[in-house]
Amino acid sequence: MWRLLKYFFISLLVLVILVCASIGIVLNFIFTPEKLTPIVEKSANEFLNAEVHFDAIELTFFSTFPEFGLEMRNGSVVTKVFQDSLKQENVYAATDSLMSFKRCRLIVNPMAYLSRKEVIVKELRLEEPQIYAYIDTNGVPGWNVMRESAEQDSVVVVETDTIQEKWIESIDIRNIRIEGGKLVFDDRANELYARLEGFGLKIDGNFMERKADLQLDVKAKNILFWQEGNLLVKRLRFALQTGMRLDRDSMLYVLDKAVMRVNRMKFGVGGRLQADTLNRLLDVDLTFGIKVPSLKTLLDLVPETVLKHDENVTVSGEVLCRGTLKGKYGKDRVPVLDARFKINEGSVKYVGMPYSLDKLDVDLEGVVDLQKEQPSFLKLNRFCVKGTDVDVDLNGRVDQLLYNPLITASVKADVDFSILPKIFPIQEGVTLTGSLNAGLKGNVLLADIKNKNYGKLDIRGGCQLKNVLLASEKDSLRLRSKSVILGFGTNMEDKTILQEKNLLNGIFGFDSVDIQWKNALTFHMDTSYVKVKTSPLRDTTAVASMSADIRFGWIDLVMGDSLRFRMGNSTANFALAPSPEDKKLPLVKAKVNMDSLLVRARGNRLRLANAGFDLSGVPDRKNKRQWLASGVVGFKDMRVYTPLFPLRMRMPGTKITLSPGHIKLNGAKLKMGRSDLLLTGEVYNLAGAFLRQEDLKANLKVRSNMINCNQLMKAMEVGAANRMNMKWGTEEELSEDELSDVDLAADSTYVADSTMSVFVVPPGVDFTFETNIKKVLYGKLELDSIHGKVVMQNQCIELSDLSMRSMAADVKTTMLYKASGKEKAYTGFDLRMDDIDVGALINFMPSLDSIVPMLRSFDGLVDFHMAAETDLDSTMMVDLPTLRAVAYIDGKDLVLMDGETFSEISKMLMFKNKERNLIDSVAVDFRIKDGMIEVFPFLVEVDRYKVAVGGEHKIDMTFNYHISVLKSPVPFKLGVDIYGSMEKMKFKITKAKYKNLFIPSKRAKVDSAQINVRNQIRRIL
């Protein structure tokens, strides 16, 4: 017996292994993704009137055991429904993209296909699909992609050269799952647009049968809905669970026991939908409502953090909530929504509470007709709450709901807040005191608010809050105010004006407000008020004139460690009037004066003293959301600090003039660390640069006593590092101690070291400066009396005919500098320096020592002129292989010092004085190209010799010079070839190559190169 069982299990195990091995071979060698993908794509394109594409399709078994599955990755479906209108094949518009998905998995029954060629899909699962449901202006939906033959016979026929073969007899889809999708519904016929984010769908049942019973579960985390370009719904969470009876013959869909959730509200839904495919209409007849057994059900909707859910409560009253959605949906047809909510004779009494809510009446109804065939409105017939020291009566309505809402409302309220905790079981630790007395009536057109036409608002009455205190120990929240007053008057008598009546007048004020929430928010404001007054209308089509006087007491706002806002006593006057260019556009004028202002945010600091603003603004005619501002901004003192440019900046008394699109500076003083500027000129598109990342343009005259480039460039470098290190917008940021480590204050002793770094010119700036600077410090250089034009554009800096004095030498230059990254830079320049000491010249251009090594052997004054272009490495050193330059050096009465090269020469030629020898004059012309310096022949008279020197000097410090001895103690002319390197220098006696005393100059090459450099600058800019 045991032996038989043993053989049985061994046989079963072998069979399982063989089956698994066979399946593995089939999956990995026969039905591979490379073979399967084109077959399924071809079948799908035959079955659907669409272009279907998948990156890969894989047949699965082990991951979907015990069923086989098809897994499709990165698929897309493009509808061909609208191809006929284009009369061009395979020409698509953006609206043709029906769906794309990250992954799709189908669990299928392979035996049904192999035996009967039936595709039975037990489950269809889509992950992260992007679905675009489009209806064109004729009411044709883009998702109707099932071919007519497929709908009738569910058969896919593939033709070959000789026979017709049926690949699929029928398709049966049982269950559908959609997860993490996004659904866009775009109905151009009715100008409706909806977007469902976090869309999910479950359909259980045989989806393809002619008559079927299905279970549906639909959800969306957020719904946005537009009609005719107006946003009507947003931040709406939706879910629907329902049974559905489907009859494909009559196109009837009946909802069964449907439950709908909208945000936190739960509705019951029932009814039917029936499609009319001939006229492309959907007949909708749905009824929805909330089943509310008693008023307690509504009380349970109040969050438990506010109101305890107590079962020991006595309630009475009738609650009604119901609505309908009826009509036809199709081209120019949308169903009408009608809903009503009522509470009749409600009352609430909690056990143990000394007082009760004696009366609660609510009557709210509304109609929404998107086709605007009947008026759409929302009407609050009555909202009445009465109890001990509680009396609230509210009614109103909103007419013209869809196109220009007109709000009419009336409010009467007398509430003692200290009574509420004695009526309702409010959570422990919550303190509520104070009183409310209100009586308001209003007739407001929403368009007047949107168009800033506040003078036309019809509001009357007042509201007063006294000794209000709201505190919650659990939430660490405390709000306190001694008094808050709000009052409005309309059409009040005023004998001082022609019409003898004013329009809207109002006042809003309060006597101290204190708010504290945990350690995240602390707010205090002293006594403040706002007075509003309007002028009578002379033209009813124009914007109504209005003025407002505002006074703010001391304001102090602290938000954790990230923000501090403090403003001293301030006054303001605002005026609203019709614009002279367009009376329907508002012109706003504002005058503001403040004692002081302090703002600290994420390491940034701003301090203003005695600031004033006199501004006016009008909406742009093309873009009414954008305002065109003009006026004057002034202050006695401003101080700014930001870790993005860690130098303390200060502006003393300054006045700035604003005009649309630009600001004007007239002698604005700015001190940044050791540097100071006096700016006069204009800055353009400041708002566009900061708000929309557009280009910032400036045309300024700059005067300065001192500009410390070392400090400014270091500040930019540290600021760029801070921008990378700080996680702006998160809670992680540098502390004040960490910021002080990188701070370069005004008394900073920082001096740039010998290793400079590439300065990246910021993109998006177009600055032109006319400079008059007394002193500039750059590295170890000190430049004086700088005059000329500086242009920053296209991440380039251009110096145009800039003159300066450096180290007792006059300097004139035209230069271009370009750097888009920290790795390298480009520069081209034309430089002229007169009467400059050779040592100072080498200090001014350290790279010159490597280019012309023999220059170290001279001492005296020379004239230097050079035109060059080259790349610079990350340390601002010349990249010698890219250097192209021509230059000349003129000098008189020079002294030949004991240098490396001429020390060896002096020994060879037996100079009388090997330490110091005078040279009457020298004029050296040289050219640098392809890593080689070509020294044109030049004449030198030194000691007992008159020689002509010329040759080549390579970047690797090897050289090949020829010296023709024209005058010497030797009674004949001779030549000396010197070649090799400093370490291994060789020479030989040859014939003199340069036999004439006059050597022609190559000075013309320098002038030509100067022109080329200027042309290169123009080309790059």
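Q: Before we dig in, what should I know about the model and the numbering?
A: It's predicted, so local features need pLDDT of at least 70 and side-chain atom pairs count only at pLDDT 80 or more, while totals for chains, interfaces and linings use all residues. Residues are numbered from 1 along each chain as its sequence is written, and side-chain values use heavy atoms, with hydrogens and water left out.

Q: What does strand 51 do with strand 52?
A: Strand 51, residues 959-967, pairs with strand 52 in the antiparallel sense over seven bridges. Pairing takes at least two DSSP bridges between two strands. Phe-959 has Gly-980 as its bridge partner in strand 52, and a hairpin of six residues joins the two strands.

Q: And how many bridges link strand 52 to strand 53?
A: Six, again antiparallel, with strand 53 covering residues 985-990. Gly-975 has Thr-990 as its bridge partner there, and four residues sit between the two strands in their hairpin.

Q: Switching to rings: how many aromatic pairs are there?
A: Nine. The rule takes rings of Phe, Tyr and Trp (its six-membered ring) with centres within 6.5 Å; planes under 30 degrees apart are stacked, over 60 edge-to-face, and the rest tilted. One of the pairs is Phe-508 with Phe-510, edge-to-face at 5.6 Å centre to centre and 65° between the planes.

Q: Are those two buried or partly exposed?
A: Phe-508 is partly exposed at 35% relative accessibility, whereas Phe-510 is buried at 14%.

Q: What about Phe-767 and Phe-769?
A: Their ring centres are 5.8 Å apart and the planes sit at 75°, so that pair is edge-to-face. Both residues are buried.

Q: Which charges sit over rings?
A: Among them, Arg-397 lies over the face of Phe-377, 5.5 Å from the ring centre. The charged end of Arg-648 is over the ring of Tyr-641, also 5.5 Å from its centre. The cut-off is NZ of Lys or CZ of Arg within 6 Å of the ring centre and within 35 degrees of the ring normal.

Notes
Buried < 20%, exposed > 50% of the residue type's maximum accessible area, 1.4 Å probe, protein only.
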